[in-house]
Amino acid sequence: VLEIPTIKIMPPSSNEPIIEAITGIGSYDWIIFTSANVVEHFFDYFFKAFRDVRDLGNVRFAAVGPATAKKLREHHLHIDLMPEVYTAEATAKALLDYQNVENTSVLLARAETANSELPRLLEDKGAIVDDIAFYRTMPETADRNGAAEDFEENGADWITFASSSAVKNFDSQFDLAKRCADNPSLKLASIGPETTKMLKELGLKPTVKTKDYTIDGLVAALLKK
């Protein structure tokens with residue numbers, strides 16, 4: 001296995017929206033966390049402003065996926081909502097099924113340049129959504145473990161992608177489409193629909209797709225092949 005990081009986590013472009021959201025945390029009815037990373041960054045900011053987790057008030061929590069839910073449970077928080085399908089669209093639909101969201105205040109905590117579908121679906125039903133970026137991803141080009149050089153020299157049988165950003169950054173570094181054209185036996189694995197969408201934008205199709213959009217699901221899909 002060659003592990004080639006293509007993403008590094010950086011602070012968001014602006015902290016001001018975060019500060020406003022954190023200082024007004026008691027005004028929200030829901031906080032939707034879209035990744036384990038955003039949970040970590042949220043509480044880094046939260047505990048700079050507050051000393052006690054009880055200062056979150058009566059807000060409810062939605063998590064996109066089991067890794068996100070696990071990270072919230074590490075803070076001893078109950079998960080009120082987690083969709084059966086771990087996508088932004090499914091999360092919005094799950095919340096709409098859970099309650100009438102008209103005039104409901106929602107803090108959507110996630111990365112910069114994320115899919116706009118989730119806030120749009122909620123706002124169309126009358127929710128008041130603050131879409132706040134708690135971190136951003138940047139391309140990682142440093143080859144700290146020599147894996148990128150190994151890949152350049154020897155290639156691979158499979159390439160697994162766990163995010164759309166990984167596809168985009170990998171393509172920028174290695175020209176994925178050309179590599180697939182030059183090596184028709186090269187197989188691609190996608191963790192979920194957003195990742196698959198990015199592959200399709202490059203004119204590529206994954207050999208396998210996961211059913212539950214998790215790393216465990218990605219491994220299981222590979223093992224079946």
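1. In this predicted model, helix α4 (residues 88–98) and helix α5 (residues 117–124) have axes that come within 8 Å and cross at roughly 20 degrees. Angles under 35 degrees count as roughly parallel, and α4 and α5 are therefore roughly parallel to each other. The handedness of the crossing of α4 and α5 is right-handed.

2. A second pair of helices deserves attention. Helix α6 spans residues 147–154 and helix α7 spans residues 164–174; their axes come within 12 Å and cross at roughly 60 degrees. That angle makes α6 oblique to α7. The crossing of α6 and α7 is right-handed, and the crossing of α4 and α5 is likewise right-handed.

3. The contact between α6 and α7 may also be described by residue. Ala148, Phe151 and Glu152 belong to α6, and they meet Phe170, Gln173 and Phe174 of α7.

4. The final point concerns the surface. Where does Ile215 lie? Isoleucine 215 is found in helix α10, which covers residues 215–224. Together with Val219 and Leu223, Ile215 forms a nonpolar patch on the surface. The accessible area of Ile215, Val219 and Leu223 together is about 310 Å².

Key:
Residues numbered from 1 in each chain as written. Predicted model: local features only at pLDDT ≥ 70, side-chain atom pairs only at ≥ 80, totals over all residues. Heavy atoms only, no water. Patch = residues over 30% accessible without salt bridge, like charges linked within 9 Å, V, L, I, M, F, W, Y side chains within 5 Å. Areas by Shrake-Rupley, 256 points an atom, 1.4 Å probe, with all protein chains shown as cover. Salt bridge = Lys/Arg side-chain N within 4 Å of Asp/Glu carboxyl O. Helix = DSSP H or I, 4+ residues; strand = E, 2+ residues; numbered from the N terminus. Axes fitted to C-alpha atoms, helices over the stretch in contact; angles between N-to-C directions. Parallel < 35°, antiparallel > 145°, perpendicular 65-115°, else oblique. Left-handed = near helix turned anticlockwise from the far one by under 90°. Contact = heavy atoms within 4.5 Å.
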